[in-house]
Amino acid sequence: MIRVLGAGLGFLGLFVALGIAVARHPLAVDLAVTGAFQGWWRGPVGTATSVVSNLVGLVLPAAVMLGVLVGVVLAWYRGLRAEAWVAARVLVVFGVARLTSWVGKPIFLRERPRQYAEFSYPSGHVVAIASAGFAVVLLCRWLAPALTRLALVVSAVATVLVALTRLVLGVHWLSDTVGAVLGVLGIGLLVAGVLRLLPGPVSASAPAA
């Protein structure tokens, strides 16, 4: 438990430190990556990338968490109170982690690589998919341990994919996407630790309340 909270504080500290470091001036790697994707957002490539970005970065996380909410209701109705309680706490973790971008943007006030609505740090799309992935991994750890590794890999790939789309579209710096992951990990670990979802169930065969 102490290690989980310590790791959460560590990631959160890195998130804040990175945000302060890049708030006024982009890093050299930011400029290099943005330059490499300069203009890609125009035309068919940009249109297709925007669709993928919104579907995987916003629609998918919302759909997955809605599914978890429905699962909570059904599990409770069927008398599976322990499972419902685990899933409900996972939803809380997702909700709080999702706040990372909504709270962070007005704090760091970072400008976008190109003219675009809202501030830049951290990437909201990356925060959304990373939060959903973190929640799914937690859910699998408790209710389907055999799927935990697969959930981790799929979540990581989806997060990288969304980060790449934001870079291709030229609406985020690389550090915005890295900061998003750091923030979600920090908040996610802290909230999951407080809610006693980590390090995990004592027994993989039966979830604990």
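Helix 6 (148–168) provides the largest share of the lining of the second largest pocket, 5 residues. Helix 6 also gives the most to the lining of the largest pocket, with 7 residues. This is a predicted model: local features need pLDDT of at least 70, side-chain atom pairs count only at pLDDT 80 or more, and totals for chains, interfaces and linings use all residues. Residues are numbered from 1 along each chain as its sequence is written, and side-chain values use heavy atoms, without hydrogens and water. Helices are DSSP runs (H or I, at least four residues), numbered from the N terminus.

**Pockets**

- A pocket is an open set of points on a 1 Å grid over the protein atoms alone, where a 1.4 Å probe fits, with protein on both sides within 12 Å along at least five of seven lines; lining residues have an atom within 4 Å of a point.
- The second largest pocket has a volume of about 170 Å³, where volume is the space filled by probe spheres set on the points.
- Its lining includes Leu60, Val64, Ile129 and Gly133.
- Helix 3 (43–77), helix 5 and helix 6 each supply at least two residues of that lining.
- By class, the lining of the second largest pocket has 10 nonpolar, 2 polar and no charged residues.
- Ala, Val, Leu, Ile, Met, Phe, Trp, Tyr, Cys and Pro count as nonpolar, Asp, Glu, Lys and Arg as charged, and the others, Gly among them, as polar.
- The largest pocket holds about 450 Å³ of space.
- Of its 20 lining residues, Gly133, Phe134, Val137, Leu152 and Leu185 lie nearest the centre.
- The lining of the largest pocket has 14 nonpolar, 5 polar and 1 charged residues.

**Helix packing**

- Helix 4 (residues 81–108) and helix 7 (residues 174–194) pack at about 145°, with axes 9 Å apart.
- Axes are lines fitted to C-alpha atoms over the stretch in contact, and angles run from 0 to 180 degrees between N-to-C directions.

**Backbone exceptions**

- Most residues other than glycine have a negative phi, and most peptide bonds are trans.
- The Tyr121 to Pro122 bond is cis, with omega near -5°; Pro122 lies in the loop between helix 4 and helix 5.
- The Leu198 to Pro199 bond is cis, with omega near 10°; Pro199 lies in the segment after helix 7.
- Leu109 has a positive phi near 50°.
- Arg196 has a positive phi of about 60°.
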